[in-house]
Amino acid sequence: MKAGIITHYDVHNHGAQLQLYALCKQLGRFGYEARALTYKKNYDFLELGIENKYSISFRSIPYYMRYLFQKGIGRTLYNYNKRKILNRFRQENNLEGEYYSKAKELDATIIGSDEIFSIEPGLNPCFWGMGVPCDRVISYAASCGPTTEKFIQDHYANEFITGGIQRIAVLSVRDQNTYNIVKARTDKNVTLVCDPVLLYDFAEERKLKKRPTDKKYCIVYSYDNNMNDKETIDAICTYAKEHDLDVYSVGYYHKWCDKNINLSPLELLSWFENAECVFTDTFHGTVVSLVSNTEFVTKISGNGNKLAFLLEQYGVIDRCVATFGDIPKITSEKINYETVNCRIKEIRDVSIEFLSSALGGAV
């Protein structure tokens with residue numbers, strides 16, 4: 001059997017690559033050959049010309065020249081190599097498939113995971129299964145991300161989203177904000193499920209991984225532009241010095257860290273599992289910490305719709321800080337991973353049951 005996946009398959013982000021890999025692997029356990037369907041994205045709601053950032057051509061040269069001038073050679077080279085690593089990861093694991101409208105003989109199409117229902121960049125019909133030649137369309141752990149009901153109304157997108165929801169036969173989402181937006185537009189059942197990185201157990205992959213370094217370290221996992229303020233740097237460096245740890249930024253570039261580690265998405269798991277603590281402000285930084293059973297501190301910024309719900313859902317809302325200056329207070333108590341793991345199993349079981357049922361009872 002053959003399944004197509006509509007998700008953010010080519011973004012410059014380890015979490016997005018891991019969730020695609022995990023969903024493909026889980027679908028493989030159900031007997032499906034699964035790959036991401038490719039597409040061209042609409043950016044009508046963003047600044048004009050932003051598409052040049054994502055489309056490598058002569059038109060994108062001015063953008064990347066400005067990037068080099070503003071960000072420096074170190075960060076530019078890091079991100080150039082990172083893109084090569086992520087592209088190679090998708091190729092080696094055969095994660096990309098056909099162009100969505102040209103796909104053939106699909107038995108199912110899965111919409112999600114990640115912020116596939118977000119309309120912040122623009123309106124993308126294929127993100128709702130429109131134009132995909134497949135009768136069985138399912139959403140799995142889809143998220144509206146920062147998109148709110150107000151944003152939908154302000155951008156005259158109510159009919160678009162309502163039509164998109166009607167295209168999807170079986171619906172699941174991964175956060176309460178998305179649930180509310182979807183449920184307000186349909187009488188269908190809407191199930192809350194876990195992100196694919198929590199759904200798939202990575203059991204085989206973990207057998208092959210070794211401790212990446214003999215040194216003790218903590219991790220900074222955040223977009224390049226974030227977590228560079230003096231208060232954050234001072235707080236994390238003080239914690240590291242008190243606990244005799246190196247500070248490593250993994251997957252992103254932070255000049256102030258002791259080392260910036262460029263790595264594949266699966267290598268990220270090993271670095272997280274062996275860290276003494278993770279400091280992050282991202283959704284997948286928190287997710288990978290949870291599946292790795294690693295101590296972590298999370299700051300919520302503009303991603304509260306999904307990140308705050310995640311922390312509450314797994315009983316770790318006390319790991320959330322308004323400022324990293326609160327690190328000593330948060331890290332004074334360890335996470336009760338016995339309780340957290342029970343919650344992960346509970347939600348994973350519900351999610352596997354949903355996906356199996358949505359695919360027609362595949363086991």
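1. Angles under 35 degrees count as roughly parallel, over 145 as roughly antiparallel, 65 to 115 as roughly perpendicular and the rest as oblique. The axes of helix H1 (residues 14-29) and helix H11 (residues 265-273) cross at roughly 105° and come within 9 Å, so H1 and H11 are roughly perpendicular to each other. Axes here are lines fitted to C-alpha atoms, for helices over the stretch in contact, and angles run from 0 to 180 degrees between N-to-C directions. Helices (H or I, at least four residues) and strands (E, at least two) are DSSP runs, numbered from the N terminus.

2. On the basis of the note: this is a predicted model, in which local features need pLDDT of at least 70 and side-chain atom pairs count only at pLDDT 80 or more, while totals for chains, interfaces and linings use all residues. Residues are numbered from 1 along each chain as its sequence is written, and side-chain values use heavy atoms, with hydrogens and water left out.

3. Contact (heavy atoms within 4.5 Å) between H1 and H11 involves His14, Gln17, Leu18 and Tyr21 on the H1 side, and Pro265, Leu266, Leu268 and Leu269 on the H11 side. By class, this contact has six nonpolar, two polar and no charged residues. Ala, Val, Leu, Ile, Met, Phe, Trp, Tyr, Cys and Pro count as nonpolar, Asp, Glu, Lys and Arg as charged, and the others, Gly among them, as polar.

4. H1 also packs with helix H4 (residues 73-92): their axes come within 11 Å and cross at roughly 5°, which makes H1 roughly parallel to H4. His14, Gln17 and Tyr21 of H1 make this contact with Lys82, Leu86, Phe89 and Arg90 of H4. The classes in the contact of H1 with H4 are three nonpolar, two polar and two charged residues.

5. Five strands form an open sheet with parallel pairing, in the order S3-S2-S1-S4-S5; two strands pair if DSSP finds at least two bridges between them. Strand S3 (96-99) and strand S5 (137-139) are at the edges, each with a single partner strand, so one side of each has no neighbour in the sheet. On average, neighbouring strands of this sheet are turned by 35° against each other, direction ignored. Strand S1 (residues 2-6) and strand S4 (residues 108-111) run parallel and are joined by four bridges; glycine 4 has threonine 109 in S4 as its bridge partner.

6. The loop between S4 and S5 deserves a check. Serine 113 lies in this loop, and the peptide bond from glycine 112 to serine 113 is cis, with omega near 10°. Aspartate 114 is also placed in the loop between S4 and S5 and has a positive phi of about 75° although it is not a glycine. Most residues other than glycine have a negative phi, and most peptide bonds are trans.

7. Four bridges link strand S8 (residues 217-221) with strand S9 (residues 246-250) in the parallel sense, and tyrosine 248 in S9 is the bridge partner of isoleucine 219.

8. One cavity of 30 Å³ or more is found in a search of the whole structure. A cavity is a set of points, on a 1 Å grid over the protein atoms alone, where a 1.4 Å probe fits but cannot get out; lining residues have an atom within 4 Å of a point. Grid points are joined across faces, edges and corners, and a volume is the space filled by probe spheres set on the points. The largest cavity holds about 40 Å³ of space. Its lining residues are Arg174, Val193, Cys194, Asp195, Leu198, Phe283, Leu310, Gln313 and Tyr314, of which six are nonpolar, one polar and two charged.

Terms used. 1 Å grid on protein atoms, 1.4 Å probe; cavity = no way out; pocket = protein on both sides within 12 Å on 5 of 7 lines; lining within 4 Å.
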